[in-house]
Amino acid sequence: QVQLVESGGGLVQAGGSLRLSCAASGSIFAINAMAWYRQAPGKQRELVAAITSGGSTNYADSVKGRFIISRDNAKNTEYLQMNSLKPEDTAVYYCYALLFTTGGYEDTYWGQGTQVTVSS
């Protein structure tokens with residue numbers, strides 16, 4: 001069994017910063033890609049940023065230059081540093097991982113979500 005646990009969400013004023021963390025635990029052999037998605041009320045879930053096991057990254061155009069995704073492979077943890085936050089960044093942020101389990105199969109996993117609210 002694999003679990004992804006997010007932390008770091010909260011309420012911040014526009015222009016402020018937050019750092020999200022996501023720790024993966026359980027029957028993990030290796031983690032391939034990790035990512036952050038977000039879902040605002042009434043909208044579809046969208047990719048915010050992704051990072052491969054080798055450290056290659058990609059970002060949604062809306063967050064380029066403001067958000068930084070990183071990971072600590074030794075800790076099976078990923079991070080999202082969010083700077084210059086805007087009210088339109090308000091959403092529930094979800095951690096995602098594509099990984100191989102110790103049982104030998106590849107599967108995708110999601111965290112429970114953490115609320116980020118940016119006030120104007």
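L11 is exposed, with a relative accessible area of 66%, where exposed denotes over 50% relative accessible area, buried under 20%, and partly exposed the range in between (1.4 Å probe, protein chains only). The model is a predicted one, in which local features need pLDDT of at least 70 and side-chain atom pairs count only at pLDDT 80 or more, whereas totals for chains, interfaces and linings use all residues. Residues are numbered from 1 along each chain as its sequence is written, and side-chain values use heavy atoms, with hydrogens and water left out.

L11 is located in strand β2, which covers residues 10-13; helices (H or I, at least four residues) and strands (E, at least two) are DSSP runs, numbered from the N terminus. With residues up to four places away in sequence left out, L11 touches T117 and S119, contact being defined as heavy atoms within 4.5 Å. The C-alpha atom of L11 is separated by 8.3 Å from that of Q115, although the two residues are 104 residues apart along the chain.

The structure holds one disulfide, a term that denotes a pair of cysteine sulfur atoms within 2.5 Å. The bond joins C22 to C95, with an S to S distance of 1.9 Å. Because C22 lies in strand β3 (residues 18-26) and C95 in strand β9 (residues 91-101), the pair ties together parts that are 73 residues apart in sequence. The torsion about the S-S bond of C22 and C95 is about -75°, and the disulfide is therefore left-handed. Both cysteines, C22 and C95, are buried.

E6 belongs to strand β1 (residues 2-7) and is buried yet has no salt bridge, the nearest side chain of opposite charge, that of R45, being 7.8 Å away. In assigning charge, Lys and Arg count as positive and Asp and Glu as negative, while His and the chain ends are not counted. The side chain of E6 instead reaches backbone nitrogens: that of C95 at 2.6 Å, and that of G113, which lies 2.6 Å from a polar atom of the E6 side chain.

The largest nonpolar core has 30 residues, and those with the most contacts inside it are W36, V48, F67, L80, M82 and Y93. Such a core is a set of buried Ala, Val, Leu, Ile, Met, Phe, Trp, Tyr and Cys residues joined through side-chain atoms within 4.5 Å. Two or more residues of this core are given by each of β1, β3, β4 (28-39), β5 (46-51), β7 (67-72), β8 (77-82), β9 and β11 (114-119), and the largest share, five residues, comes from β9. V48, when its neighbours within four places in sequence are set aside, is in contact with W36, Y37, R38, N58, Y59, A60, V63, F67, L80 and Y93.

Side chains of opposite charge can pair when their charged atoms come close. The count of salt bridges comes to four, each being a side-chain nitrogen of Lys or Arg within 4 Å of a carboxyl oxygen of Asp or Glu. One of them pairs E46 with R38 at 2.7 Å, N to O; E46 is partly exposed, with a relative accessible area of 35%, whereas R38, at 6% relative accessibility, counts as buried. D89 forms a salt bridge with R66, with the closest N and O atoms 2.8 Å apart. This pair links distant parts of the chain, since D89 is in the loop between β8 and β9 and R66 in the loop between β6 (57-59) and β7, 23 residues apart. D89 is buried, with a relative accessible area of 1%, and R66 also counts as buried, at 10% relative accessibility. Salt bridges that share partners join R38, E46, R66 and D89 into one network. The side chains of D61 and K64 likewise meet in a salt bridge, at 3.1 Å, N to O, and D61 counts as exposed at 65% relative accessibility.

Backbone geometry was also examined. Most residues other than glycine have a negative phi, and most peptide bonds are trans. N76 has a positive phi of about 50° although it is not a glycine; N76 is found in the loop between β7 and β8 and counts as partly exposed at 24% relative accessibility. A positive phi of about 50° is also found for S84, again not a glycine, which lies in the loop between β8 and β9 and counts as partly exposed at 40% relative accessibility.

Note on methods
A polar contact is a pair of N or O atoms within 3.5 Å; within protein, one must be able to donate a hydrogen and the other to accept it, and residues adjacent in sequence count only if both atoms are side-chain atoms.
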